[in-house]
Structure formats: structure tokens, C-alpha cells
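User: I am new to this structure and would like to go through it step by step. Could you show it to me?

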Amino acid sequence: MDERNEDYDIYGSFACVYDKFMDNVPYKEWGKYLKSLLEEQGISDGLMLELGCGTGSLTEILADAGYDMIGVDLSADMLDIAMEKREQSGNNILYLLQDMREFELYGTVRAVVSICDSMNYLPCEEDFLQTLKLVNNYLDPEGVFIFDLNTPYKYRELIGDATIAENREDASFIWENTWYEKEQVNEYDLTIFARTNGEYYQKFFETHYQKAYELETVKELIQKSGMEFVAAYDAFTREPVRADSERIYIIAREKGKKGTKQI
């Protein structure tokens, strides 16, 4: 298996058709679930950061729900689309072109969220821990971090070594998966045919990598980062994580700050 590309911008050419192929994702339902988790932690408004915001679909939903949103992503192409959505909605969202492993804010926020398996793109435990430490640094006292993860079970049993294809009128893709058990990494080889200008189609090829993390490992990393683990759920429920959970949500809380931290 090749090492992961260090530039980390894994949504280049795919950005132009990302929303088209993600139209089966129930973002409104995901946003409703996420808002309910935030409210259970006492956060119903205020400044919030979304890491790996992509084209801003969920960012817009959270802004509509009353949160003051900041979106961070490393793909300039994805953020271009997010800013087009912002123009249409009129929401006051700040978008920053940054790597989640090195992001910087002007101050602290009440909550941080990262959804749609963005954290699985962190290629190793060191990067995962570094991201958690930064999140902890930029959270208000007792602020929360809510994120989801695809599970090892999902990669190993459901999508690893599978090929998925979809054909649309103006775009098609072939998605080939390879699961590396030893490294706990899933490789996505994406071949995309998209009509980008007039009647002609353009072919794009991209390779993505996602790392599987066991829940116990994540709990240990949360503790090392200075945060405390609050809960883990089978996605979109309040049920405990099962052996066959495909996606899980994890809640961590900042602890130790006596007042707003100086950055």
C-alpha cells in the first residue's frame, strides 16, 4: 500500500460532482440528530466549528438551526462550492482553507463537530491526537466535540474489496475499494466521468485513504488530548455501539479550563 499523499487535498476533481453523488445522504436528518446531541450537552446556539465541512451542506443546516458557523476544509474546490451556497442562503458563515491537523482560530468556540467520516481521513493515531489537542485548545470551558467515524466492521465486512458504480445522465463513477487488514486502512480508487463543459465528458481519477479506529483507541486518544470521553452511540440512535455498528458518533468534552483560554 502506498503512503498517503501529504498534501491531504483528497477532493480535487471530485468536488465538481460531489454533491451530485451525495444526494442520497439525508443531511437534514443528520443535522437534526446532531442538533439533538448538542442540545443534550447544553449547546443550543453560539459559535461552532465544523471540521471537514466540504461543500457546506451540513454547515448550512446548522446555520439555519441558529448556530454561528465556521467551516474548515483543506479542499479549495469544495470551499468554492460552499461559498456559492452561502451566497444563495445569505447565512453568515466563515469558511477557512485549513488542514484540521493544523487549524487556527481567532478564539474559542462552544462546540466543534466533524461529520461524514472526516476524522477517518486522519492517517495515523499521531494525527488523530494532534487534531483532538487542537480541538481541546479552541473549545470554550466544558465545550463539546461531536464527531462520527466509519467502523472497522464497515470497512472489513461491507465495503472493503467491493466495487461500487453509479451512472447518472451527466456523470458516472466507479469506486473500487481495497481493505488492508494489517494497516486498518481502506483505499478508495475513484474513476469519475463528468460532463464539465458542454457535451463532452472528462475523466478524473483519484485515490483516497481512510483509517479505521477502534473505539477503545479513540477513548485513549481523547484522554491524552486533555478532553474527557462523554458517550459513544450507534449512529442516529442513543444505543450503545455494537460489534456490527457501521457508523458511530462520539462525544468528548473539554475539561480543565477555568475561563476563556488565551490563544
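Analyst: One term is needed at the outset: buried means under 20% relative accessible area. Please also note that this is a predicted model.

User: Is C116 buried or exposed?

Analyst: C116 has a relative accessible area of 18%. The cut-off for buried is under 20%, so C116 counts as buried.

User: Where does C116 lie?

Analyst: C116 is in the loop that runs between β4 (109-114) and α5 (125-138).

User: What is the phi of C116?

Analyst: C116 is not a glycine, yet its phi is positive, at about 70 degrees. For background, most residues other than glycine have a negative phi.

User: What about the phi of Q184?

Analyst: Q184 is a residue other than glycine, and its phi is positive, near 55 degrees. Q184 is found in the loop between β7 (171-180) and β8 (185-197).

User: And is Q184 buried or exposed?

Analyst: Q184 is buried, because its relative accessible area is 15%.

User: Let us move on to α5. How many residues does it have, and what is its reach?

Analyst: α5 has 14 residues. From its first C-alpha to its last, α5 reaches 20 Å, which is close to the 20 Å expected at 1.5 Å a residue.

User: How many residues of α5 are buried?

Analyst: Ten of the 14 residues in α5 are buried, and the helix is thus mostly covered. Among them are F128, L129, L132, L134 and V135. The buried set also includes D127, T131 and N136.

User: What do those buried residues pack against?

Analyst: The buried residues of α5 pack against several strands, including β1 (46-51), β4, β5 (139-150), β10 (227-234) and β11 (247-254). They also pack against the helix α7 (215-225).

User: One last topic. Where is D99, and which side chain does it contact?

Analyst: D99 is placed in the loop between β3 (94-97) and β4. The side chain of D99 makes a polar contact with the side chain of R101, at 2.8 Å.

User: Is D99 buried or exposed?

Analyst: D99 is buried, because its relative accessible area is 11%.

Notes:
Residues numbered from 1 in each chain as written. Predicted model: local features only at pLDDT ≥ 70, side-chain atom pairs only at ≥ 80, totals over all residues. Heavy atoms only, no water. Helix = DSSP H or I, 4+ residues; strand = E, 2+ residues; numbered from the N terminus. Buried < 20%, exposed > 50% of the residue type's maximum accessible area, 1.4 Å probe, protein only. Expected span 1.5 Å × (residues − 1). Contact = heavy atoms within 4.5 Å. Polar contact = N/O pair within 3.5 Å; in protein donor to acceptor, adjacent residues only side chain to side chain.
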